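Let's take a friendly tour of a protein model, looking at its pockets and at a pair of helices.

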Amino acid sequence: HTMSHELDPRHVPVGCGGDVYPIVGGGMYPAGAASDDEGADRAPLLARRGAAAVPACTEDDGVDPQRATMATLLNLVALVCYLILLHMSGDWSSWKAATCLPDKCFCEKPRDSLVRQPSNTISNIAFVIVGSIVLSVKFTVDPAQKSLVLFRNFTCVYGASSVILGFMSGFFHTSLTFVGQWCDVQGMYLVVCAIIALDLVRLKVIGTGGLTAVWFLLSLFTGVIQYADPTLRRYLFAFLVGTALVLDVYAQYKTKSSCKAVWMKAALISLGVSYFVWELDLRHIVCWPTSSFQLHAFWHAGTALTVACMYKYFYTGRSNLCGAERVQYAVN
């Protein structure tokens, strides 16, 4: 006959680093423990005993070589584009200026050239690097497993958001235009909206297939707001970050997923330190206007690290982001 057993979300199938595996009759045996099939691979053992559970992930998980190659090329293209722009002449006088001009666009002194803030521009490659690495991640997905399907969708949206952020923020610091200013802030919204959309799925507010649509709609809505009233853009970003944090804490409580909190803590520490540095730079407390070393560039690197840590946080719990999934296995 067939039995149904709900797996403890902390105890995941072979390949995800879990330390307990389901066996016939709903029992468990620890990783490395002796069994009547001692020395055999645990996945075949489950199959021999009639288990129909789909492995949450496999040892093939990691970085896809082809995607990694494309990611490397993407970063090289970004770097070459910057170097080309740096040696081109031109100005942005025909464009509407950013609202932070003349003296509140951070510490770096605007140059009378096509690239107005070189250091603050090139440092955005950190987001492109992180996003391209995320998009390079390879893992096995079975359509029957909601959590892994969700994480696959999130990986695409989140990685793309980070890459887009890098280029959009780079455009702002290159041009110091109003359009660039909108792009800079909107890039940040894209990343946070991806996390909000993920947690809405985890909380079953929307379906798995709705993640991309909700991310797009949230991004569109926030984009309209900050364009209509630029003075709200930073408050809106703080609100989105706070919302994402609250939703994720609640989603963790509800799903009991295996996301490792250490990565969330690392992300928050990185964000906190980066924000402190951002304030020092914005208020010109620590400022070298003509130097190649700029604290705002550190902000870019630090927040890119935050983006990476948040992805790692969700990656560690990818097999059960939506909580324990019911599997069927037969008793022989």
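Which residues lie nearest the centre of the second largest pocket?

## The second largest pocket

Keep in mind that this is a predicted model. Nearest the centre of the second largest pocket you will find Ala78, Leu85, Thr121, Phe167 and Gly170, which belong to a lining of 16 residues. Helix H2 (65-86), helix H3 (118-122), helix H4 (125-136) and H5 are the elements that each give two or more residues to this lining. H5 provides the largest share, with 5 residues.

The volume of this pocket is about 270 Å³. Sorted by class, its lining has 11 nonpolar residues, 5 polar ones and no charged ones.

## The largest pocket

Now move to the largest pocket, which has a volume of about 940 Å³. Its lining is made of 41 residues, and Met188, Phe237, Val241, Leu271 and Trp299 are the ones nearest the centre. Two or more lining residues come from each of helix H5 (146-175), helix H6 (178-202), helix H8 (233-255), H9 and H10. The largest share, 9 residues, belongs to H8.

By class, this lining holds 28 nonpolar, 8 polar and 5 charged residues.

## Two helices side by side

Finally, look at helix H9 (residues 261-282) and helix H10 (residues 295-316), which pack with their axes 8 Å apart and at an angle of about 165 degrees. Angles over 145 degrees count as roughly antiparallel, so H9 is roughly antiparallel to H10.

The crossing of H9 past H10 is left-handed. In the contact between H9 and H10 there are 18 nonpolar, 7 polar and 2 charged residues.

Technical notes
Residues are numbered from 1 along each chain as its sequence is written. This is a predicted model: local features need pLDDT of at least 70, side-chain atom pairs count only at pLDDT 80 or more; totals for chains, interfaces and linings use all residues. Side-chain values use heavy atoms; hydrogens and water are left out. Axes are lines fitted to C-alpha atoms, for helices over the stretch in contact, and angles run from 0 to 180 degrees between N-to-C directions. Helices (H or I, at least four residues) and strands (E, at least two) are DSSP runs, numbered from the N terminus. Angles under 35 degrees count as roughly parallel, over 145 as roughly antiparallel, 65 to 115 as roughly perpendicular and the rest as oblique. A crossing is left-handed if the near helix is turned anticlockwise from the far one by less than a right angle, and right-handed if clockwise. Ala, Val, Leu, Ile, Met, Phe, Trp, Tyr, Cys and Pro count as nonpolar, Asp, Glu, Lys and Arg as charged, and the others, Gly among them, as polar. On a 1 Å grid over the protein atoms alone, a cavity is a set of points where a 1.4 Å probe fits but cannot get out, and a pocket is an open set with protein on both sides within 12 Å along at least five of seven lines; lining residues have an atom within 4 Å of a point. Grid points are joined across faces, edges and corners, and a volume is the space filled by probe spheres set on the points.
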